[in-house]
Each structure stands twice: as structure tokens, then as C-alpha cells.
Amino acid sequence: MSHGGARPQREAEARLAPLAGAWRSHRRQRRRRALLAAGLVLALLWLAAWVAQVDPRLIWSKGGNVFGYFDRLLTLEGGAEAGARVWHDPAEWFWGWRRWLRLLGDTLLMAYLGTLFGALGGLLGGLLAAGNIGPGRALRWTVTRGLEVCRTVPDIVFALVFVIAFGLGPLPGVLALTIHTLGALGKQVTELVENVDMRPVEGVVATGAAWPQMAGFAVVPQVLPGFLGYALLRFEINVRSAAVLGFVGAGGIGQDLIEAIRKFYYNDVAALLVLIILTVVLIDAVTSRLRFRLLEGHAA
Amino acid sequence: MLELQGLTRRFGAATAVDAVDLRVPEGQMLGIIGRSGAGKSTLLRMINRLTEPSAGRILHHGRDVTALRGAALRGWRTGCAMIFQQFNLVPRLDVLTNVLLGRLNHLPAWRSLSGAWPEADRAMALSALEQLDIAGLAGQRAGSLSGGQQQRVAIARALVQEPAIILADEPVASLDPRNAMLVMDALADINRRYGIPVLVNIHSLDLARSHCERLVGLAAGRLVFDGPPEALTEEAARRLYGLEAAEAAAAPPQRVPVAA
Amino acid sequence: MSGAASSPTPLRAAALARVPALRAAHPGAFRRLGPGQRLALALLLGGTLLLGLGIWRLEIAPARLLAGLGDLAHFVTLMLPPDPGSWAQFRGILAALAETLAIAFLGTLLAAVIALPLGLLAARNATLHALVRFAARRLLDGIRGIDALIWALIWVSVVGLGPFAGVLAIMTSDIGTFGKLFSEAIEAADRRPQEGVVAAGGSGVARLRYGVLPQVLPVMAGQVLYLFESNTRSSTIIGIVGAGGIGLTLAEMIRTLEWQSVSCIVLLILLMVAAIDQLSSRLRRRLAGG
Ligand SMILES: Nc1ncnc2c1ncn2[C@@H]1O[C@H](COP(=O)(O)OP(=O)(O)OP(=O)(O)O)[C@@H](O)[C@H]1O
Ligand SMILES: [Mg+2]
């Protein structure tokens, strides 16, 4: 019995041996590739740490500061309850709420204006840059390159330059947001336009319509839902951006925030951050609901 | 009178339409037949100038329209209304607006783009829709209509262009027999009532025979048949649809004069 | 043009004669505004009012706009041709660009490592408890609500000026994004392999290790690359508030009106961003391919 069972087992092992070997070598190869990738990432990490002069020891020495900083953010510095957590005395914590809300409103208006102007420009730019309906090759090339520059240069860099040209205040901020929005939306509209159904376009061209009417009646109705969705998303992004444009003097709540951080007004920093986060989360919720409705309406 | 002289279109090495000579007198209902790929669509699209001819001329009342550009080209396009197999309406716009698109070249851009269509244009659009029995659908989105209804909207759009010629590229190929009959009847009715010449590409020989007063046949881009429907015998049709490219080039055009 | 347009065509004549009848039969077609258009008009009106409010509140005066545009045009002429100034300055710019890349790389990688457990906690099918998931999600939302530039400022006041603050800024602002993306990827993971592991007697940890991670790791790696790409853009600007990288030099050149250096730096940034985009999208395609 015993040797009757051993033979088939040995035979099975003999048959499996090449398979097991192949599996092992395959695994070894995969492992080697994974090790290589990990080694590469580690080397890059080390290189990057050296270039950026990040000393791991720094983390230990400064680690305490981190908790100290956030602790002070949340500790009342003045008023009757000084020393307690900020939420024990909201009136003291949000002492500047009138001014802050006004600045927050301005920030939203900046985002709105930037999105509005940028969206209108982006729609036109996208129509002109699209390969399927664009009115001319030279114009198309120029517009495409222009949109590229507008979207690749960060808005705050535009803001820095505009502050010098237009003076301090929200105007350069609005312009910076406009330019960046124009570039970003222009690209997205171009893609939308390049995917439209061309039959309505031919139908309208065949009636003798000129380019603006063709674009307005045959293309815009097709891209409108997608365009509005992108524009809403852009508004959301612009609210975040508008909140920091004040760092370079381009208006909005950022100017108070940078002052509070630089001058170590801990409670103000915390209050402003809370206001900004709440606003952003709220805008997020509203726009994502709107976008959902838009998609639904489009599907119906 | 519309006259084509040696009209040719090449796509790379292939010749889609090959030196077609054709005269279409006023008020004629002309059917263009031929098997798939024969060049029927290309021919009509060249007349409307959606496709640029490679050679040859298009004359309308003696005026050369082959090389028009800009506003003159748009005016010519308005004058020869085009009807497409796939209707080519704007699905998201309502029926009335789709018909009003036929008036675009009669209006300054700001009026149409702001939706301030003149009353007379609205009246024309409605009466065209009434004539095609679909005025009740004026407020509906074009995309929600059946194929037959959409094609009638497209015919109404063509009508309000006040065209001198109507070109119809397989207007009934996507429709069921009943709707196909309705649409062909509508085209024939317009042709008779307003005396507008209609050039229609059509696959159904029955509809071609019943609705057209003259038929021309294309094979491999060449005009190989021209005559009244009676002349298109079974034998002639079989020949037309069976011709291979080489034979079409060699075959002399079979012309049977139509009593005009 | 068609010749027909000059004299009224029969269709036109007939329609004009019947205007009153047509009006009576189809009142809707003659209304200036359909119901859809009325909604559009209301939105337009609201939007315009808001626009007016914005123009008034933000003091957007045409005169100021025009004067500024004139200045701007002048600056643009001064920017050409791009010129770093001196060889030493050019080397300085290149070093700052390298630092920018290093900040983006370190920040992205650290964020990914920290966000992985947070993402697991925030995913419905991997979390410990619904409450933990809720807390993790809100935490991630809050972090995402704060722009990288704000984080940079905060970190500068915690650890001082320099690239270390920049790394921390990129890291913190990305933890929120990564956490959300990771949790979504984990939630979208195919259930069948997980069931297979559980059916074979695997524990919860084994399910995550063998049922979930093999599926989502390539997805996550793609997301890390994608964010690295976008972080090379963000890390070019955090220097504006003193957190290291090219932004510091750029802001300085703008403030001192050295326009030729400005255009040179912007050009180099565009080139670097384009190169990283190329590299990362090629790597991502390889990842997606297998
Ligand atoms: N845009 C184009 N590019 C290249 N070749 C084309 C193009 N349009 C048409 N052709 C070719 O020209 C020839 C004639 O095409 P056309 O569409 O005019 O034929 P048709 O008679 O209308 O056929 P169908 O009955 O299928 O509509 C075909 O061989 C076609 O492949
Ligand atoms: Mg065809």
C-alpha cells in the first residue's frame, strides 16, 4: 500500500517541478523589479532631501513646535477666559467677525467675477481653438498657445505682476483668476467642442449661417451642460485661490490671514481658518449638488 | 436653370464624382440613383459647397457659383437648401427654433443669437410647419421627435430659407415605408406648388419612379443613365447597379431625353 | 442672393397674409420668451446683479483698468527677450528649480505614506467603525479646505523660513486629497477577490492585504504620480511666502521689476512643468498598461 501511494506522489512532484521552478523564477523576477523600483525611489528620496536641505533631525527638534503652535492657535489669549480653549468664548474668538465676513464676501465675489469673465473668455477661446469647427488655422494655433500659457502660469504669479500694474486691491486678483480660468476652461471647452455631433453643424452651415451663428446654434447647445459643470467646478477652485491672493496684496480675506500669521495673532489665525474651511466646504456642497442636477437634466 | 459642367471630386487617388455634366431646368423633380458609394452624396454636397469640387463648374442662371466665398457663398447656400439623411437638426433646440435656423442668413447675428426673431419669420416657420402637418410640435425638443417628424422639420427649415433649389440627400433612407412616403409626398408637393426644382438622392427605385419626373443614374462617379422613369426598365436598373468601376468608365451615358 | 429673396416668395406671402390667424392658433410660438428662456433670463438677471455688486464692492473702475493695461503692455515689452541677468544668477535659478522639484517629490511621497492609513479609515469597506470613518472624512475635508499656500505660511511660522516648511506644506495639503482619492479607490475595489480571500478563511487584515491592496496599489501609484505632477506647479509658488523653491526668486524679481529675469524664470518653470508632465504621464500609462 505504502509504496503504491508514494509512486504517484513522486510522479506528480516530478511533473510539477518545472512549473514550480517557473513560478519561482517569475516571482524572483517580479521581486527584483519591485526592489529595483523601491531602491530608485529611496535614492531619489535621499537626493531630494539633500537638495531641499531637509535634515531628519530637524523633524525631531521641531516636532514639539508643531503641537505647541496648534495648541496656541486654540488657546484664548485675551478676554475674561484667557488661557481656556477658544470655543469657550466665541465672542472673544471671533471678535472681528464683521470685517472678516465682509472680506469673505469680497473673496467670494472675486471668485465669482473671475469665474464669470474667465468662463466667457474660455468658451470663446475653446470654440476658436477646436480643430473641427475652428475658423482658421493661424487663429487656432495662436489661441491654443495663448490658452496654454494662461493655464500653466499659476494665478498667484499673474496676481504678483498685476498688483504692480493695477495697484493693490481686489482688481488684480479678479484679473489673475480670470486669466487662469480662461486657460483652464478654454482647454476643457476645446475638448468638448471637438467631441460634438457634427451633423447639426453641417445642417446649420448648409442654411448659409456665418461662423458665430453656427457656433451659437449648433455647437453651444451641445456643449452647454458640460461647460456649466466645468465652470461650477472652476468656481469652487477659484474660491480657494481667491482666499490666498491677498497674500500678495490682491484683495480678499488673504490679506488679513497673512497679517495674522506673520504677527502671531494665534486666535485670529484659527478663526480665519475656520471661516475659510467652512466657506469652502459649503461651496463644495452647493456646487456639487448643482453639477449633479445639471448632469441629471442633461441625461433626461 | 442649374448647370453642372464637368463637375469632379477626388478624394486622394479615388474619384468620387467624375466629370458630371447635368442641366436641371426650373421646376424639375430630379431623382439621382446609384448604388452605395456611387458619388450621389458628394455630388449634392458639392452643389451646396459643403464639399469643394476638384474640377468643373456649377452655374445657376448662368452665374458661376463654384468659387464663391464669404457672404456670397453663404447666400448661395441659403438659396439651395439641403436636406440630410440624418436630418441634421439641433436636438436640444425646440422645433420652431430649428425651423427658424433657416432664416439665419436673412438676419443680423445679434437678432438670431438673442432669440429676437421677427414676427414675419415666426409666421413663415409656422406656416411651413402647418404645411407639413406638424405645427402642433412647434414647442417640442427636436431630439424627442420620431425620424419622420424630424425629417419634416428639416424640410420646413429648408422651406423657410426661400430656396431656389432644394437638395435632398437620401431623405427617406432612415425612415419606415409610411414615413418615407409622407416625406416624398411633401417634397413632391413643394416642387409642384412653388415650382422649386428638387434634386433628391434616393435608394428606393419604387419611390424614385413614383415621385420623380426624371432620373439620373451614377456609377463610380460617372453619369451613366439619364431619362424619364419609364426608361428605367428592370434591365437598365440591373445594369446601373451592376456596373463595376471599369465598366462605368467605358460605358457611354445612356440618355433618353425628357420632354421638358 | 438666390434671386428668390428679392421678390416675396409664395411661402412668405402666404405666411404674411395669415399672421393674425397663425398668432391665434399658436400663441406660444409668438411669445418673446418661452418658459425655458424665462428661467435663463432670471438667471441672467441674477448673475448681472451679482456682477454689478462685485464691480461696486471690488472697485473695478474702467479708468484703473485701462491705465493698468497700459502698464502691463509696457512690462511685456520689457520682458523680451528673456534673460537671467548673469551666469551666477542663472545657476541660482537652476538650483532653485531643483529645490522646487525636491520639495514636490518629498511632499508628495510623505503625504502618500501618511494618507494611506487615513484613506483606509475613511473607506466604507475597510474602516474600523462608522464613527471613525465619519471623523476621518471630516478631517480630510478640513485639510483639503486649506490651500497649500496657507499651509506654507503656517509651517513657516512653525519651523521657520526655508524648503523644509515647503515640504511640510505640500505634504499637509496633499494628505487631504490623497486620503479622499485613496478611500474612493478602496471603496471601488472589486468585491470578488475579497470574498475569495474571506471564503478561504482569511482574516480582515488578510482581506485587505490580498483582496484589496493588489487591486488598488497601481491605481494609487497613478494618483501619486498625478499629484506629483500638479505639485510641481504648487511648489513653484510656495516660495512666495518664504517656503523654499523658485517662487522666492520669482517674487523678488517681480518686486524689483527685473522683467527679463521674470520672463526667463517663467519660461524655465513652463519647461520644467512640461517635462514632468511628459515623464509622469508616460509612467502612468505604463502603470495602467500593467
Ligand atoms: N470625406 C471623404 N473622404 C474620403 N473619401 C470620401 C469622402 N466622402 C466620400 N468619399 C468616397 O467617395 C465615394 C462616393 O461617396 P458618396 O458618399 O458620395 O457615395 P453615395 O453614392 O452617397 O453612397 P451612399 O449611397 O452609401 O450614401 C465613396 O467611395 C466614398 O468612400
Ligand atoms: Mg450618400
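Predicted model: local features only at pLDDT ≥ 70, side-chain atom pairs only at ≥ 80, totals over all residues.
Which side chains meet in a salt bridge, N to O? I started my notebook with that one, and found A:Asp106 and C:Arg57 at 2.8 Å. A salt bridge here is a side-chain nitrogen of Lys or Arg within 4 Å of a carboxyl oxygen of Asp or Glu. The rule finds one salt bridge across the interface of chain C and chain A.

Residues are numbered from 1 along each chain as its sequence is written, chains are lettered from A and ligands numbered from 1 in the order written, and side-chain values use heavy atoms, leaving out hydrogens and water.

Next I looked up the contacts (heavy atoms within 4.5 Å). I found 54 residues of chain C in contact with 55 residues of chain A. The two chains bury about 4,900 Å² between them, 81% of it on carbon and sulfur atoms; buried area is the accessible area (1.4 Å probe) that two parts lose on being put together, summed over both. C:Leu58, C:Arg64 and C:Phe164 supply 13% of the area that chain C buries against chain A, more than any other three residues.

Then I turned to ligand 1. I listed the residues around ligand 1 (a heavy atom within 4 Å), among them B:Phe11, B:Lys40, B:Thr42, B:Glu170 and B:His203. An N or O atom in the side chain of B:Thr42 is 2.5 Å from an oxygen atom of ligand 1, and for the side chain of B:His203 I noted 3.1 Å.

Note on methods: Polar contact = N/O pair within 3.5 Å; in protein donor to acceptor, adjacent residues only side chain to side chain.
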